[in-house]
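This briefing covers aromatic contacts, charges over rings, a pocket and a strand pairing. Please consult the sequence and structure alongside the text.

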Amino acid sequence: MGVKIRQKRQKLYLDIYVNGSRKWESLKLTLTGDPDQDKDILRKAKYARSVREGQLFDGQWGLQDQTGAKKTLFKFIEKMGEGRDKKKDRICKVLPYLEKYPGGISIQIGQVNAKWFTNFQNYLVKDSGLNETSANSYAFAVRMALAQAVRENVLVSNPAEGIKSIAVPEPDREFLSLAEVQKLFKTPINGKLGEDVKRAFLFSCYCGLRVSDLKSLSWGDIERTQSGAQIVKRQIKTKKRVIIPLHNSAWALINDNQIHHHSEPVFPLLAAVKSDTNRNLVPWTQKAGIEKKITWHAARRSAASLLHEMGVDVYTIQKLLGHAKVSTTALYTAVSDQSLRKAIDSLPPIEILEGNK
């Protein structure tokens with residue numbers, strides 16, 4: 001382990017070597033060329049090197065960074081939230097609830113223990129006005145912050161570890177049967193944008209792309225092979241590359257027998273719209289006589305469920321959807337009532353005598 005001061009283009013850095021790995025950290029100090037000023041700057045750099053070396057030493061021996069532990073949990077999470085979406089990211093959205101919780105804005109990270117975290121979870125469930133799903137999400141944000149504090153050697157261990165999460169009701173994961181997909185195909189939808197929405201939604205039912213990937217799908221992402229067309233694309237959400245062979249029905253939805261530039265969107269109107277297009281799905285599905293609450297993600301779930309119904313194993317479906325974990329895919333592979341009946345009926349019969357009824 002070692003920390004040295006390095007200079008590059010007059011700027012000063014700490015060269016840190018720990019456990020076989022090396023990284024540079026900027027000191028945000030720049031030499032001026034003036035001997036007197038540079039002497040003071042180098043003195044500051046040496047002090048910073050000494051402090052950083054002490055922090056690393058504490059971390060190596062499982063000791064707590066006493067300076068960092070005195071920072072408030074609120075400020076620590078606020079710092080984590082920099083650059084994140086303040087309206088959508090749970091790290092940012094938990095801050096108002098920490099502020100309202102008695103002592104939540106002033107408690108130091110080093111003071112957080114299992115009892116405090118349990119009480120905060122209870123507050124989120126009982127007194128915050130949040131539903132269970134949101135309460136669980138915001139409690140998880142604090143768990144994330146405490147785990148980050150452990151990684152930074154601010155905490156020796158995570159006080160939230162081993163504490164049961166807030167129970168969340170299982171959400172309704174709507175999906176469409178093949179018959180319902182056929183109904184939607186036969187049902188007209190209003191407007192030119194509506195037509196693009198319809199094609200994209202049905203296309204997703206046969207390939208499982210998220211709406212973000214449908215919007216960014218270009219003709220350059222479509223490859224023609226000897227066995228047929230396929231999508232080769234890096235997903236917007238996960239950055240994971242997927243290869244999805246296209247069913248003839250999916251290809252028929254986008255094939256207009258025209259030559260397209262590789263950067264041209266496959267669904268141009270959908271790609272251009274900024275508003276929430278879930279609202280285009282509601283009247284369309286209602287017109288088709290489908291009473292389920294259908295969103296764009298229902299198309300992705302439908303693709304997984306239809307594949308599962310056709311006997312495709314969950315690991316293959318995982319590859320097609322681009323999931324990192326097969327447990328995530330399992331949530332998508334809903335089983336229809338018809339399949340449940342078929343499973344039960346597959347049991348061998350037993351002879352039930354009249355007198356044993």
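Over the ring of which residue does the charged end of K100 sit? The charged end of K100 is placed over the ring of Y97, at 5.2 Å from the ring centre. The model discussed here is predicted. The points below are grouped by topic.

**Charges over rings**

- For K100, the ring concerned is that of Y97.
- A further case involves K198, whose charged end sits over the ring of F185, 6.0 Å from its centre.

**Aromatic pairs**

- A pair of aromatic rings is described by the distance of the centres and the angle of the planes.
- The count of aromatic pairs comes to 10.
- In one of these, the ring centres of Y101 and F120 are 5.3 Å apart and the planes stand at 75°; planes over 60 degrees apart count as edge-to-face, so this pair is classed as edge-to-face.
- This pair links distant parts of the chain, 19 residues apart: Y101 belongs to the loop between α5 (95-100) and α6 (114-126), whereas F120 is in helix α6.
- Y101 and F120 are both buried.
- The rings of F201 and W296 have centres 5.8 Å apart and planes at 55°, so this pair is tilted.
- F201 is located in helix α9 (residues 192-205) and W296 in helix α14 (residues 296-309); the pair therefore ties together parts that are 95 residues apart in sequence.
- F201 counts as buried because its relative accessibility is 0%.
- W296 likewise counts as buried, because its relative accessibility is 5%.
- One aromatic cluster is formed by Y101, W116, F120 and Y123.

**Largest pocket**

- The volume of the largest pocket is about 840 Å³.
- Its lining consists of 22 residues, and of these R210, K237, H297, R301 and Y332 lie nearest the pocket centre.
- At least two lining residues of the largest pocket are supplied by each of α10 (211-216), α14 and α16 (326-332).
- Sorted by class, the lining of the largest pocket holds seven nonpolar, eight polar and seven charged residues.

**Strand pairing**

- Strand β4 (residues 222-225) and strand β5 (residues 228-234) run antiparallel and are joined by four bridges.
- Within this pairing, I222 stands opposite I231 in β5.
- The two strands, β4 and β5, form a hairpin with two residues between them.

Notes: Residues are numbered from 1 along each chain as its sequence is written. This is a predicted model: local features need pLDDT of at least 70, side-chain atom pairs count only at pLDDT 80 or more; totals for chains, interfaces and linings use all residues. Side-chain values use heavy atoms; hydrogens and water are left out. Rings of Phe, Tyr and Trp (its six-membered ring) pair if their centres lie within 6.5 Å; planes under 30 degrees apart count as stacked, over 60 as edge-to-face and the rest as tilted. Buried means under 20% relative accessible area, exposed over 50%, partly exposed in between (1.4 Å probe, protein chains only). A charge sits over a ring if NZ of Lys or CZ of Arg is within 6 Å of the ring centre and within 35 degrees of the ring normal. On a 1 Å grid over the protein atoms alone, a cavity is a set of points where a 1.4 Å probe fits but cannot get out, and a pocket is an open set with protein on both sides within 12 Å along at least five of seven lines; lining residues have an atom within 4 Å of a point. Grid points are joined across faces, edges and corners, and a volume is the space filled by probe spheres set on the points. Ala, Val, Leu, Ile, Met, Phe, Trp, Tyr, Cys and Pro count as nonpolar, Asp, Glu, Lys and Arg as charged, and the others, Gly among them, as polar. Two strands pair if DSSP finds at least two bridges between them.
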